Amino acid sequence: MIKGVIFDLDGVLVSTDKMHFYAWKKLAHKLGITNYTEEDNKRQKGVSRMESLEVVLSKGTTIYSREDKLKFAEEKNKYYVELLESLDSQAVLIDVIETLEMLKDRGVLIGIGSASKNTPLILDKTGLNKYIDEVSCGLDVTKSKPDPEVFIVAAKKLNLKNEECLVVEDSKSGIVAARACHMRSLGVGPEHEQLGADYNSLTMQSNVDWDELLS
Ligand code: B16
Ligand code: MG
């Protein structure tokens with residue numbers, strides 16, 4: 001029986017993908033990289049900030065030091081946080097509030113398992129905070145998805161066994177991470193059919209049998 005649902009944040013509860021893309025594009029241009037595209041941005045889904053930077057740098061030819069890379073990641077985050085200033089409840093994806101309210105009514109605990117170090121800011125700006133029991137994010141872990149650490153920490157914070165948690169994800173690395181720690185998974189978003197999740201659906205309500213998922 002599932003007692004807690006752990007949600008990924010970007011692409012599952014909120015739509016911040018475009019903001020990540022614009023911030024990376026701005027950095028890429030500063031570095032003289034003009035061929036960074038939305039296709040490349042798709043490969044950055046669910047992966048850490050430093051790994052995302054590698055995707056951008058792989059489009060150029062210059063080899064940078066670790067120190068430079070840390071500076072670039074910080075600069076991208078500055079651009080991204082500037083864009084997050086305008087974030088509000090409109091960024092919350094379709095069916096999310098309905099789903100969170102349904103889970104609350106059923107007494108199911110709600111956790112976050114996100115790679116993003118901006119999770120607290122995003123939850124605050126979108127007003128999603130009030131639904132969340134525990135947060136596990138990039139600030140709590142050292143290994144990023146597909147390593148299961150972020151979900152294991154979330155389950156611990158919720159006081160649940162891994163097997164009692166269901167993960168909702170929009171990225172392949174997140175589904176691999178859920179599987180690695182024996183959590184059931186629901187894949188959502190435009191690529192839901194390709195994620196390899198136990199269940200999949202475009203949104204969290206269309207075709208989702210929550211009775212079966214939580215049983
Ligand atoms: P930040 P998720 C991930 O969030 C994003 O999908 C990914 O594109 C980003 O690189 C990562 O967070 C780190 O974000 O730079 O804000 O710490 O999908 O795991 O909620
Ligand atoms: Mg995601």
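Predicted model: local features only at pLDDT ≥ 70, side-chain atom pairs only at ≥ 80, totals over all residues.
Student: Which residue of β3 is the bridge partner of G111?

Tutor: β2 covers residues 109–113 and pairs with β3 in the parallel sense, over three bridges. For G111, the bridge partner in β3 is E134.

Student: Is D95 buried or exposed?

Tutor: D95 is found in the loop between α4 (66–84) and α5 (96–106). Buried means under 20% relative accessible area. D95 has 17% relative accessibility and therefore counts as buried.

Student: How far away is the nearest side chain of opposite charge to D95?

Tutor: D95 has no salt bridge, although it is buried. A salt bridge would need a side-chain nitrogen of Lys or Arg within 4 Å of a carboxyl oxygen. The nearest side chain of opposite charge to D95 belongs to R106, and its distance is 14 Å.

Student: With which side chain does the side chain of D95 make a polar contact?

Tutor: Setting aside residues up to four places away in sequence, D95 touches T203, M204, Q205 and S206. A polar atom of the D95 side chain lies 3.2 Å from the backbone nitrogen of Q205. The side-chain partner, at 2.4 Å, is T203.

Student: What is the phi of D95?

Tutor: Most residues other than glycine have a negative phi. D95 is not a glycine, yet its phi is positive, at about 75°.

Student: Is N159, with its positive phi, buried or exposed?

Tutor: N159 lies in the loop between α7 and β4 (165–169). Its phi is near 65°, and N159 is not a glycine. The cut-off for exposed is over 50%. At 70% relative accessibility, N159 therefore counts as exposed.

Student: What form does the peptide bond from K145 to P146 take?

Tutor: P146 lies in the loop between β3 (134–136) and α7 (149–158). Most peptide bonds are trans. The bond from K145 to P146 has omega near 20°, and its form is cis.

Notes:
Residues numbered from 1 in each chain as written. Chains lettered and ligands numbered in written order. Heavy atoms only, no water. Helix = DSSP H or I, 4+ residues; strand = E, 2+ residues; numbered from the N terminus. Buried < 20%, exposed > 50% of the residue type's maximum accessible area, 1.4 Å probe, protein only. Lys, Arg positive; Asp, Glu negative; His and termini not counted. Polar contact = N/O pair within 3.5 Å; in protein donor to acceptor, adjacent residues only side chain to side chain. Contact = heavy atoms within 4.5 Å. Pairing = 2+ DSSP bridges.
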